[in-house]
Amino acid sequence: MTRTTTVAAGAFAPGHLGGLTQHIPFELVEHVLDETKTVQVRVRTLPSRVGIYFVLALGLFPSLGYRRVWDKLVAGLSGIEHGLPSEAALRQLCRRLGPEPIEALFDTLAVPLARPTTPGACYRSWRTVAFDGCSSLKAPDLPRIRALLGKVRHHWGMSGYPALRLTVLCETGTRGLLGAVFGPSENGETVQATALLPRLTPQMLLLADRAFDGDDFLRAVSDTGSQFLVRLCSHRRPAVPAVLPDGSYLTYFPACACASSKPTSLSPPATESASLAITGSRRRSWITVTTPPKP
């Protein structure tokens, strides 16, 4: 079986990443470059569009150096003349682009991917999303990076490399990213997650662990109009002003209005406008459904 791939001509030929180019077409990249005013002034050996695909390739092959990643880009260009840039030229290409076009491209592509029928993507009428974080990423130990990220102090001393904390908002059914924030590891996940709250919509159900159970954070989530299912720390003991016939009970949180909790089962909320929060410890858990107060 023979497969034919059409690539751009001239200096733009290396800007091709196989199947990835079908999802990130040339036209989209050109639009992002134009919007961020990072289009090359003149067509060089390494135009800006090729630089975008080179940066994407760096993410696909993180263990390879610049030259070997470039070889990946041009592996399918047999019979087509293309340049052989040095690592210094590729490094300068990345610096010339800057972060703006990459960020704009991410914001354009970071949208919900799942269909309503995708398993694990929806609960009733809400699209389920979740926060997740990672603080094990390491950055090069360079003076300018140390000034930005600092180093983690352990009981045995300073860490070897600056640590980078990454917090993302993702779609649970597809694991597609809807937003991402990174910065110094001293910034907690809640701080970074707050910057992602504008990406929540009333059609979403946010799932989060007990690190996100702060009253101020829950209030900010509630202000977005989205629903939320959050695991609370075990030391929180909400008051029980009334117990309902089905075994659930009413309570109040500073961040929300009134809530009903029922042990161990996730019952469908009585109203489509309900917000969800989960409390629990190692031995027991409750599902809490919060509803807006009556006027």
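Buried here means under 20% relative accessible area. By that criterion, 37% of the 295 residues in this predicted model are buried.

**Figure 1. Overview of the predicted protein model.** The protein contains nine helices and 13 strands. Of the contacts between residues at least 6 apart in sequence, 54% join residues at least 24 apart.

**Figure 2. The largest nonpolar core, with 18 residues.** Val 129, Phe 131, Leu 169, Leu 200, Leu 206, Phe 217 and Val 221 are the members that touch the most other members. At least two residues of this core come from each of strand S2 (126-138), strand S7 (204-208), helix H9 (215-223) and strand S8 (227-232). Apart from this core lies another, of 13 residues, which includes Leu 58, Leu 73, Leu 93 and Cys 94.

**Figure 3. Surroundings of Leu 206, one of the core residues that touch the most other members.** Residues up to four places away in sequence are not counted in this view. Leu 206 touches Val 129, Ala 130 and Phe 131, together with Leu 169, Leu 200 and Val 221. Its contacts also include Gln 227, Phe 228 and Leu 229.

**Figure 4. Strand S5 (163-171) and its pairing with S2 and S6.** Eight of the nine residues of S5 are buried, so the strand is mostly covered. S5 pairs with S2 in the antiparallel sense over eight bridges. In this pairing Ala 130 stands opposite Cys 170 of S5. S5 and S6 also run antiparallel, joined by seven bridges. Here Val 168 has Ala 180 in S6 as its bridge partner.

**Figure 5. The hairpin formed by S5 and S6.** Five residues lie between the two strands. In the turn, Arg 175 has a positive phi of about 60°.

**Figure 6. The largest pocket, with a volume of about 2,100 Å³.** The pocket is lined by 43 residues, of which Val 55, Pro 99, Ile 102, Glu 103 and Phe 182 are the closest to its centre. The lining divides into 32 nonpolar, five polar and six charged residues.

**Figure 7. Helices and strands around the largest pocket.** Among the helices, H1 (20-23), H3 (48-60), H5 (87-97), H6 (100-109) and H7 (143-149) each supply at least two residues of the lining. Strands S2, S5 and S6 (177-184) likewise each supply at least two lining residues.

Notes
Residues are numbered from 1 along each chain as its sequence is written. This is a predicted model: local features need pLDDT of at least 70, side-chain atom pairs count only at pLDDT 80 or more; totals for chains, interfaces and linings use all residues. Side-chain values use heavy atoms; hydrogens and water are left out. A nonpolar core is a set of buried Ala, Val, Leu, Ile, Met, Phe, Trp, Tyr and Cys residues joined through side-chain atoms within 4.5 Å. Buried means under 20% relative accessible area, exposed over 50%, partly exposed in between (1.4 Å probe, protein chains only). Helices (H or I, at least four residues) and strands (E, at least two) are DSSP runs, numbered from the N terminus. Contact means heavy atoms within 4.5 Å. On a 1 Å grid over the protein atoms alone, a cavity is a set of points where a 1.4 Å probe fits but cannot get out, and a pocket is an open set with protein on both sides within 12 Å along at least five of seven lines; lining residues have an atom within 4 Å of a point. Grid points are joined across faces, edges and corners, and a volume is the space filled by probe spheres set on the points. Ala, Val, Leu, Ile, Met, Phe, Trp, Tyr, Cys and Pro count as nonpolar, Asp, Glu, Lys and Arg as charged, and the others, Gly among them, as polar. Two strands pair if DSSP finds at least two bridges between them.
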